[in-house]
Amino acid sequence: MSAVDCLTMDGRIVRLRTIRPRDAPALLALHQRLSPNSRYLRFFSAGAALDAEVRRLTRPSGPDRVHLLVEEGDAVLAAGSYERVDAARADFALVVDDNHHGEGLGTLLLERLAAEARRAGITELVGDVLAHNAAMLRVSGDLAPGVARRLGADAGTVQIRVPTLPDEAALAAVGVRDRTAAHHSLRPLLAPASVAVIGAGRRPGGIGRAVLSALRAGGYTGALHAVNPHAERVCGIPAHPSVAAIGGAVDLAVVAVPAAAVPEVVRQCCAAGVRAAVILTAGIEPATQSALVREARRHGMRILGPNCLGVVNTDPAVRLTATFAPAPPVAGGLAVASQSGAVGVAILDAAADCGIGISSFVSLGNKTDVSSNDLLAYWYDDPATRAVALYVESFGNPRRFAWIARALAGRKPVLAVKSGRSEGGRRAGASHTAAAAAPETAVTALFAQAGVIRTDTLGELLDTARVLTDQPLPTGNRLAVVGNAGGLNVLAADAAGTAGLVVPALALSGHRPGGGPQAVNPVDLGAQATPATMAGAIRAVARSGEADLLVVTFVSTRANDTRATTAAVAAAVDDCPQLPVAVVVAGAPDVPATLGARKVPVFGLPEPAVLAMGRAARYAAWRREPAGNRPSPPDIHPGAARDIVRRALAAGGGWQPTDVARSLLACYRVPVVETRIATDADAAVREAGAIAGPVALKAAAPELVHKSDIGAVRLGLAGEPDVRQAYRAIGDAVGTARPVVTVQPMADPGVEMVTGIVHDPLFGSLLMLGLGGVYTDLLGDRALRLLPLTDHDAAAMWRGLRAAPLLSGYRGAAPADTVALEDLLLRLGRLAEDFPEVAELDLNPVLVGPRGCTAVDVKLRLAPVGAEPPDPYLRHLLWQRTDAKSGS
């Protein structure tokens with residue numbers, strides 16, 4: 001494995017890498033530093049032969065053994081290894097420096113060893129531990145609550161058994177560790193006790209001076225320093241010639257110097273022990289950016305940017321305004337991360353106009369180090385943050401983003417705008433699955449699985465944030481509309497359908513002209529409605545229990561009292577704290593952005609308000625859904641599958657013959673119709689004769705996608721003449737006199753579906769399900785999911801299709817066996833997890849009948865995985881893309 005940077009539980013940066021022979025002296029020193037008790041616990045003897053252990057650890061790693069170490073600077077802090085004992089198991093061992101217990105180093109090593117073993121086909125790591133080795137037992141317990149333990153052969157030992165494929169409990173434990181480490185790591189950036197602005201000029205106009213002035217004007221509560229070798233004071237703050245000259249600890253350095261000077265400034269910050277740096281400077285070459293990150297990580301410093309706008313934290317205990325944005329935001333509950341500084345300014349400006357308060361704002365810039373994944377982990381436990389908004393241009397590790405965002409969205413709304421939706425180029429794949437998995441559809445699948453509320457525009461993002469940040473989640477999708485504006489009411493009701501909301505009739509009394517009980521909705525109170533009437537109707541809707549959301553419309557005229565009416569509405573909505581409300585006000589000048597203590601958002605038009613309410617309702621529905629389990633399908637044989645994949649790749653990979661594809665699927669018990677291969681007409685007749693009933697002949701060339709379109713599929717053949725004629729026709733279609741064909745029995749009828757796998761170099765493997773047969777490309781009715789696949793994901797895939805009624809019994813037809821379909825999807829998902837070498841797998845059609853499902857045609861392409869997408873559950877800091885951005 002390549003070296004990776006990781007976070008300890010207290011947020012320090014360490015490096016985890018494969019042990020090399022030249023590490024022998026450092027490893028020996030590590031073991032010699034162990035106390036006699038630690039040596040006894042590790043080796044079951046205080047007099048262990050340390051030289052022999054070091055020789056074992058410095059042997060070259062390979063599929064049957066992996067040896068890793070953790071280092072900080074030049075010091076080796078821990079080491080771990082596994083050695084294969086049989087096809088499925090390996091023994092593991094760990095050692096941690098006595099002075100670094102409790103920092104999570106052993107758990108980091110064990111997580112990585114398990115991942116490396118899984119790639120080698122090992123399903124379980126096994127270790128014998130002395131029964132009183134509390135530290136090692138704690139490490140195994142930290143890994144996952146469900147790690148198996150049993151008494152060893154010696155009554156004084158315990159055998160620990162760690163599955164290499166993490167279950168839900170293990171992933172939950174990883175998430176807790178990840179968030180704890182990220183929070184400690186980013187505190188110097190987001191809540192620093194001291195800030196130094198490097199490059200703050202004496203004259204107005206420079207970025208550094210603007211940031212220093214903003215920090216001072218914003219009331220930053222920590223120690224504030226200016227660094228300028230040519231000035232004694234800047235903005236009234238004493239200036240130092242260098243960061244080292246400050247003489248005290250500095251948590252955060254804000255760097256605003258010319259690009260050529262940045263490397264030296266970063267070196268000075270590292271030497272001075274600065275914990276985090278915000279690099280505002282643009283125009284730094286990619287190679288220089290990479291060198292900056294290497295230097296920073298070696299010294300345990302995090303970097304935000306470069307080419308960024310800065311960072312803001314409105315917490316009254318911090319008051320950090322380390323940015324040159326035009327105006328500081330108002331404090332509130334929305335955290336914002338923007339990959340573009342310009343978009344960040346637009347978000348802050350629009351948020352101020354519409355009354356959204358900001359908890360923190362981070363301009364990511366070129367994302368050389370700190371990414372949105374880090375921030376999502378930090379905001380999970382940030383009490384000031386009630387919702388998160390993201391502007392995203394690219395993903396460093398999209399699968400990890402999905403995992404972290406899904407956890408965060410389970411407790412706080414996450415909203416996102418992803419740019420680049422109009423990209424004209426689409427990936428051309430040789431299978432239906434690859435063609436369906438274009439980058440944009442992969443992003444859509446990622447957001448949907450993670451519970452991220454995706455909007456097309458920044459305006460929609462902020463509209464939705466207004467509804468979600470300071471209000472309760474709706475408990476359903478029933479919308480009530482109340483107001484004095486008949487036309488606006490109707491437009492709101494019309495927009496409800498687009499928003500996925502229903503507008504049920506409400507049994508209210510006394511709230512329309514004429515009074516009396518009436519089933520109404522929208523509740524049109526008429527242009528002459530008094531403030532009391534408006535307030536009474538709002539309270540009546542809330543008391544009725546017949547609505548989950550409320551939109552109030554009000555048109556100001558010369559005949560009504562706008563100020564009194566808005567005050568009455570504000571008081572009424574404050575009396576209904578359980579009901580999400582949006583208010584639409586038209587015709588009134590100087591209307592506040594929010595009403596009441598609840599800060600109910602005020603809109604100028606009904607449609608944006610209703611569409612935002614619809615997004616809130618869909619998010620709330622996602623929150624109510626079970627997360628699902630990650631089942632392990634029975635009767636699978638990954639070891640046998642690995643042999644098939646290894647042999648096929650050794651032979652060159654690429655599109656595989658039908659027998660190879662069927663054999664691989666058989667290892668995962670994926671049902672495929674009986675298939676025989678024939679290489680000439682006589683063989684086709686012979687194979688057809690061995691099958692009872694009519695048969696189908698099809699061209700076996702794996703590169704063909706649309707066989708039916710060119711006449712390479714012949715169905716319902718009964719008898720030798722039909723088979724010979726079909727064989728000749730297929731040969732004419734593919735341009736050869738002796739085509740290789742498949743001979744299959746005619747399958748039982750069922751709903752034709754298509755499913756498959758495609759491996760994306762960035763997103764990893766994706767699973768696709770859609771309406772199959774000849775309509776696959778015409779209708780484009782498909783669903784995609786990233787891995788891992790849960791049972792809930794498998795069910796949601798077919799239920800979300802427009803063709804779902806065909807599976808559940810359309811117009812009196814017998815319902816299809818959707819349980820069997822879900823099982824097939826879970827088996828394919830596990831195959832894709834185990835073998836990223838499956839570049840494309842296409843099953844089309846899959847016939848789903850009342851008593852099961854069967855794949856009819858199978859196409860498989862295998863390819864070696866050069867740079868495998870990073871494991872989403874391995875805790876390490878990624879190297880982000882460092883291409884220069886155009887503009888901020």
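**View 1. Asp680, a partly exposed residue, with its salt-bridge partner Arg738**. In this predicted model, Asp680 has a relative accessibility of 23% and counts as partly exposed (buried means under 20% relative accessible area, exposed over 50%, and partly exposed in between, with a 1.4 Å probe and protein chains only). Asp680 forms a salt bridge with Arg738, their closest N and O atoms lying 3.4 Å apart (a salt bridge is a side-chain nitrogen of Lys or Arg within 4 Å of a carboxyl oxygen of Asp or Glu). Asp680 sits in the loop between strand S32 (676–678) and helix H22 (681–689), and Arg738 in the loop between helix H23 (720–734) and strand S35 (741–745), so the pair ties together parts that are 58 residues apart in sequence (helices, H or I with at least four residues, and strands, E with at least two, are DSSP runs numbered from the N terminus). Arg738 is exposed, at 54% relative accessible area.

**View 2. The salt bridge between Asp857 and Lys698**. The closest N and O atoms of Asp857 and Lys698 are 3.0 Å apart. Asp857 lies in the loop between strand S40 (852–855) and strand S41 (858–862), while Lys698 belongs to strand S33 (residues 695–699), so the pair ties together parts that are 159 residues apart in sequence. Asp857 is buried at 15% relative accessible area, and Lys698 is buried at 5%.

**View 3. A network of salt bridges**. Asp5, Arg15, Arg297, Arg302, Asp369 and Asp374 are linked in this network.

**Notes.** Residues are numbered from 1 along each chain as its sequence is written. Local features need pLDDT of at least 70, side-chain atom pairs count only at pLDDT 80 or more, totals for chains, interfaces and linings use all residues, and side-chain values use heavy atoms, with hydrogens and water left out.
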